[in-house]
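Please look over the sequence and the model before reading on.

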Amino acid sequence: MTTFIRALLGATAISLAVSPALAEKLTIATVNNGDMIRMQKLTDDFAAKNPDIELEWVTLEENVLRQRVTTDIATKGGQYDVMTIGTYEAPIWAKQGWLVALDDLGADYDVDDLLPAIRGGLTVDGKLYAAPFYGESSMVMYRKDLMEKAGLTMPDAPTWDFIKEAAAAMTDKGNEVYGICLRGKAGWGENMAFLSAMANSYGARWFDMDWKPQFDSEAWKATLTDYLDLMNNYGPPGASSNGFNENLALFQTGKCGMWIDATVAASFVTNPNDSQVAEHVGFALAPDKGLGKRGNWLWAWNLAIPAGSQKTEAAKKFIAWATSKEYLELVASKEGWANVPPGTRTSLYENANYLEAAPFAKMTLDSINAADPQKPTVDEVPYVGVQFVAIPEFQGIGTAVGQQFSAALAGTVSAEQALQNAQQTTERTMRRAGYIK
Amino acid sequence: MARRATGARKIVVTAIAWGVGLAIFFPILWTILTSFKTEAEAIASPPSFLAFEWTLENYVEVNSRSDYFLHFMNSVIISLGSTLLGLLIAIPAAWSMAFVPAKRTKDILMWMLSTKMLPPVGVLVPIYLMFRDFGLLDTRIGLIVVLTLINLPIIVWMLFTYFKEIPGEILEAARMDGASLWDEVVHVLTPMAVPGIASTLLLNIILAWNEAFWTLNLTAAKAAPLTAFIASYSSPEGLFYAKLSAASTLAIAPILILGWFSQKQLVRGLTFGAVK
């Protein structure tokens, strides 16, 4: 027995002596979407290039992730070395000093290749604080066959008046075909993402230059009235509980003539394995009202490093790998060009292979370029963000206003009442927060 | 005639009970069925109930993407650990409240219950900071402690209700025979309360297994239980219903089986003292 224990101790000592130095472990918090999951499967490439860095993933649903990383970064919990954050959080957290600047991602990173609209939303005081992993805007996806049957032709850049005309012509409620499907579910990232972007094109804005809420303006009244008119007359039943997924399911099963939503949906609706209408889908820019702004939003999921992280250098290596041009080529080589994460790099949209594999690529790029988070509205505003206002209070007021507009769609309050309630709620919050006296 | 009326009533009551039972179970059944569909089938309209092409691809995908066993073991350790620790504290507490009541015992019991009325998010930040300072973030020990504290009022209340039904004279007799306090609680009271302790244990394992606020907010990668496993398959942008259903089925299967085999104890524990 004694011999056995000695042998065991000896073996342990030898194994400790010869084992390599412990790898540095990075804990990465990420969101559950197709592109992020694909990245997790491709990390062997990163591991081969960086054998001294080990990756540990925490994948969560978007809203759970947002709550989780916000708690952690605000309390300096230090649970994550790399965080996936949206374009809403990036400028707010950077101003708070919660993020590490990413101005040294390596000589071959080619930061100037990042799409200007996306990069602008992640830059504070000239420094990049988060690297975009995938970007999106919104656009019109429509059924070419139904459009043709209605005797209409979708322009590349339609107006809201044309959308209304087409929705009316395509609606066939007897056969469960609805002219238009739009978000109705309440939430700052749900119906308010769509409605804020639509409002921009109508000349409306969340706040004037003195941070006074603007829901009592004629432009907001016109936005909400037209939205309700479209949805009540040509939308699917129960639309007040429809978000991205519900509308995707409706569109894929042939029940929507048009759907205005995230450009990322293009790859879903054109995939014949999932979509019954894959071969009939066309794309157009988000509509406008002739005022110089389109009703499209701008969003990106980005990788950032929380300030105070002990593993900054390893985290930067990972971010540089995951958001590089080489990573796009890696995805293309393993899964095809149609599956590379879109919306971050100019060079991707100059790549003939990608343009051929992704028929929606040009429209995605045009949509992203048409959005300007620094100047999102017709009139001047004091905030950054197209479909959101990059202030910490926005999540709360955005959702509260979204609930009012969703209630108006469900018919439980009138449009006038919903706007009045939205104005009061927003004013109260802004006054408490000290933006207005 | 009277017997026939009783028989008819029985049939009606049985039918209603089955109807209610099926209505309650239907969402779980639908989740299980969806887990065997393709993503396209999962959103098909009208949905197919059984006539679809059954596939195991979601289970294969879920198992290749996530470490189910790690999450499962975390769930087992956290739920069992918090329940056992809770019982260890609650048995003496319930004993003292049931057999040596003080003037304010009832107030204390009500106060304990009132702690359940506080929305957990209200104390998230203070608890998060304490966990950070004590190095308990993303640890099983941390979750065992927090879930014990959360479920303690329920454990104490259930045991108190049980102990109240045990005649105090039996304990008195044991004391007269020379039993110490330890002997009285361990060798006299506990064996008599085994059914009550068992049902309390089962109910608390289920509560701890399903707890999804603290387990999501206080864990990252190492101590994340099956609630975090499910949360990783939900998405507002992208159709993952079939995979989410497969993950949910895998997460609820162990507790469903435990609940099925121990339903008699559970029902007895939950209805004890309700009918006299």
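Chain B has 14 helices and 0 strands, where helices (H or I, at least four residues) and strands (E, at least two) are DSSP runs numbered from the N terminus. The model is predicted: local features need pLDDT of at least 70, side-chain atom pairs count only at pLDDT 80 or more, and totals for chains, interfaces and linings use all residues. Residues are numbered from 1 along each chain as its sequence is written, while chains are lettered from A and ligands numbered from 1 in the order in which they are written.

**Chain B**
- The C-alpha atoms of chain B fill a box of roughly 75 × 70 × 30 Å along the principal axes.
- Of its 276 residues, 33% are buried, meaning that 20 or more other C-beta atoms, placed from the backbone, lie within 10 Å of the residue's own.

**Contact between chains A and B**
- Chain A brings 29 residues into contact with 27 residues of chain B; two residues are in contact if their C-beta atoms, placed from the backbone, lie within 7 Å.
- The largest share of chain A's side, 5 residues, comes from α11(A).
- That side of chain A holds 10 nonpolar, 14 polar and 5 charged residues (nonpolar: Ala, Val, Leu, Ile, Met, Phe, Trp, Tyr, Cys and Pro; charged: Asp, Glu, Lys and Arg; polar: the others, Gly among them).

**Domains of chain A**
- Chain A is divided into domain 1 (21-136 + 298-357) and domain 2 (138-297 + 384-432), with bounds from an automatic or database domain assignment.
- Their contact takes 7 residues from domain 1 of chain A and 11 residues from domain 2 of chain A.

Definitions and conventions
Buried ≥ 20, exposed ≤ 12 C-beta atoms within 10 Å, placed from the backbone.
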